[in-house]
Amino acid sequence: MTPDVGTVAGGGEFLGYRRADGQVGVRNHLLVLSTGGLTGQTARRIAATLAGAVVVALPHSAGLIGRDEKVHRAAIVSLATHPNVGAALLVGDNPVIMAQAAAAIERSGRPFVGITLDECGHDALTLTDRGIRAGARLAREISAQRRTPAPAADLGLGLECGRSDPSSGLVANPLLGLMADWIVDAGGWAVIGETLEWLGAEDLLACRARSGDAAEAIRQAVLKREQVAVAAGVDLTGSNPSPTNIASGLSSIEEKSLGNIAKSGHRPIEGLLEYGEKPATPGLWTMDASAYAPKSLTGFVLGGAQVLLFTTGVGNSYVSALSPTIKLSANPKTVAALHQQLDFDASPAFLGHRSLEHTGEDLRRCILAVASGEATWGEILKEGDEVLSRFGPAL
Amino acid sequence: MTGIDAIRLSPEDNVATVLRAVAAGETVRVRCGEAVTELAAAQDIPLCHKISLAPIPARAAVTKYGQKIGESLVPIQAGQHVHIHNMRSARARITA
């Protein structure tokens, strides 16, 4: 079956996994999730044994307070019920956290098993044995599921840039802006994050906000990051833009930001999401989040994005574990050098050999192909990980 | 962008981004929308770095994307390389 890739006007479709809760996945992962740092190695051991398993090991648990505690508890459920997860095996050391997560995951109808060290006599090897057996049953169960056609409206795209150079702002990020416009027009949603990299461009984003409150939230989020940098005595030049950004030609955070927000395209901004928050409606969203790619991508994944688009200037191998991450660059030198990293070549648009609009059509086909099952380099090479942001002190 | 060496993103910009490494003395063809202008590179400019399109006095706005991307630290001549040695961010200043 060949999916209809559509036109700019028509959204197109992909072949996905329709979940009991109505979401549509582009992968059918067996997620092996360690809810805290005590069981990380056990989770990795279990996942290494099971074909098709993806491991996410959250490093923190006990002692988290306030916002960190809330984000951690919500992340367990958001990861286990992510549209790309067919079934989840949870291992952990805290029976109360496990019971709370289990109740929420059960409501989604997603197959899962949760096992704690308490049930295994505090023996990691017993947990490993029980985890492998339970995970194997889940893997077999979800292997019976089949892809069916779904409209592009069922997709959420996370838009990221990393190790940027000026080619990112000139071509690769404006290209993502076209993808944001396409998915929003098709009835889906898209999100940009990296709040610090709106600094100097925040008025351009705020002007596009759907409401006065959303505009003010965007401005305040940027101001807060700027105040944190000033209070910490951090000179942004050298930290953001980073030494790599500077060597490639970016001179200030404002220049980097103006290139960054080109990813957001041209549609109205519905609002500002908190870190890891799910958008309430389709459309274009902003997420107040770290500019560090591992934390930023996990924020999009927790928000439910099934596909991530990641532009780079000089190269960046990091990808999400749960959501296929399409890596692209417009820099001809980078494209020539990084064969097994870049999934899409945007350099013809940089060199003037192909228009941005035509390159956008090529990228849209690539997105729908990846959403339908085509593997990214990051997936093939198992580069994927998830890194949860931390916000404050812990006990 | 074939046949051009640099791109000026907005008519208000006083810098352009070079699309190939440019050597001092070379003529640089700068595109802005449909318009193409020429100027001589006063210095070597690496791929993707910025070239000044007009004299910029000290402590003046450096403009790209039609927006201020920082301030000049010293007077910058047309054709010179514009980067952290002669401009800086105007935001998140630790000292005024």
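This is a predicted model: local features need pLDDT of at least 70, side-chain atom pairs count only at pLDDT 80 or more; totals for chains, interfaces and linings use all residues.
User: Which residues of chain A lose the most area to chain B?
Analyst: Chain A brings 37 residues to the contact and chain B brings 26 residues. About 2400 Å² is buried between them, with carbon and sulfur atoms giving 60% of that area. On the chain A side, 23% of what is buried comes from three residues together: L170(A), S251(A) and F350(A).

User: How do the residues of chain A that touch chain B divide into nonpolar, polar and charged?
Analyst: Across the interface, 14 residue pairs are in polar contact, both residues being at pLDDT 80 or more. Helices of chain A that each supply at least two residues to this side include α5 (166-186), α7 (212-231) and α12 (347-351). The residues of that side divide into 17 nonpolar, 13 polar and seven charged.

User: Which strands are at the edges of the four-stranded open sheet of chain A?
Analyst: The strand order in this sheet is β4-β3-β5-β6 (chain A), and the pairing is parallel. An edge strand pairs on one side only. The edge strands are β4 (53-57) and β6 (112-116) of chain A.

User: What is the bridge partner of H29(A) in β5(A)?
Analyst: Strand β3 of chain A covers residues 29-34, and strand β5 of chain A covers residues 85-92. The two pair in the parallel sense over six bridges. In β5(A), the partner of H29(A) is V85(A).

User: At what angle does helix α3 of chain A run to β6(A)?
Analyst: Helix α2 (residues 66-80) of chain A lies across β3, β4 and β5 of chain A, at about 145 degrees to β5(A). Helix α3 (residues 95-108) of chain A also packs on the sheet, where it touches β5 and β6 of chain A. The direction of α3 makes an angle with that of β6(A) of about 175 degrees.

User: Why do β10 and β15 of chain A each have one side without a neighbour in the sheet?
Analyst: The open sheet of seven strands has the order β10-β11-β9-β8-β12-β14-β15 (chain A), with parallel pairing. β10 (269-273) and β15 (344-345) of chain A stand at the edges, so one side of each lacks a neighbour, each having a single partner strand.

User: Which residue in the turn between β3(B) and β4(B) has a positive phi?
Analyst: Strands β3 (residues 27-32) and β4 (residues 35-40) of chain B pair in the antiparallel sense over six bridges. Within this pairing, V30(B) is opposite T37(B). The strands form a hairpin with two residues between them, and the residue with a positive phi, about 65 degrees, is G33(B).

User: How many residues apart are R267(A) and D185(A)?
Analyst: Their side chains meet in a salt bridge, at 2.7 Å from N to O. R267(A) is in the loop between α9 and β10 of chain A, and D185(A) is in helix α5 of chain A. The pair links distant parts of the chain, 82 residues apart.

Conventions:
Residues are numbered from 1 along each chain as its sequence is written. Chains are lettered from A and ligands numbered from 1 in the order in which they are written. Side-chain values use heavy atoms; hydrogens and water are left out. Contact means heavy atoms within 4.5 Å. Buried area is the accessible area (1.4 Å probe) that two parts lose on being put together, summed over both. A polar contact is a pair of N or O atoms within 3.5 Å; within protein, one must be able to donate a hydrogen and the other to accept it, and residues adjacent in sequence count only if both atoms are side-chain atoms. Ala, Val, Leu, Ile, Met, Phe, Trp, Tyr, Cys and Pro count as nonpolar, Asp, Glu, Lys and Arg as charged, and the others, Gly among them, as polar. Two strands pair if DSSP finds at least two bridges between them. Axes are lines fitted to C-alpha atoms, for helices over the stretch in contact, and angles run from 0 to 180 degrees between N-to-C directions. A salt bridge is a side-chain nitrogen of Lys or Arg within 4 Å of a carboxyl oxygen of Asp or Glu.
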